[in-house]
Amino acid sequence: MIVVTTPKSAAKGFEGKLTRYVTESGYEEFETERLRVGRNPPAPQSLVLLNLVDHTAHALNVDSLPGIGDDP
């Protein structure tokens with residue numbers, strides 16, 4: 001099995017706050033909206049090959065793949 005992992009500490013992006021001006025309380029209220037796209041670079045990923053027979057894990061190196069550094 002191949003598993004793609006990302007660090008837990010990777011920043012996911014800025015959560016915007018939506019202001020609601022018409023509310024029952026008469027005061028403005030804020031609610032969280034979707035994450036802003038393109039605010040942070042993509043989180044780094046790593047590939048791990050898991051052998052389910054003997055329960056071993058092997059990190060896969062993708063640095064030597066042709067075109068891995070090219071931006072399409």
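I2 sits in strand β1, which covers residues 2-5; strands here are DSSP runs of E with at least two residues, numbered from the N terminus. The model is a predicted one, in which local features need pLDDT of at least 70 and side-chain atom pairs count only at pLDDT 80 or more, while totals for chains, interfaces and linings use all residues. Residues are numbered from 1 along each chain as its sequence is written, and side-chain values use heavy atoms, with hydrogens and water left out.

With a relative accessible area of 55%, I2 counts as exposed (exposed is over 50%, buried is under 20%, and partly exposed is in between, with a 1.4 Å probe and protein chains only).

Moving on to the loop between β2 (15-20) and β3 (29-35), that's where E28 is found. E28 is partly exposed, at 45% relative accessible area. Leaving aside residues up to four places away in sequence, E28 touches T19, R20 and Y21, where contact means heavy atoms within 4.5 Å. E28 and V53 are 25 residues apart along the chain, and their C-alpha atoms are separated by 58 Å.

T23 also belongs to the loop between β2 and β3, but this residue is buried, its relative accessible area being 17%. The side chains of T23 and S25 are joined by a polar contact of 3.3 Å (a pair of N or O atoms within 3.5 Å; within protein, one must be able to donate a hydrogen and the other to accept it, and residues adjacent in sequence count only if both atoms are side-chain atoms). A polar atom of the T23 side chain also lies 3.3 Å from the backbone nitrogen of G26.

Terms used:
Helices (H or I, at least four residues) and strands (E, at least two) are DSSP runs, numbered from the N terminus.
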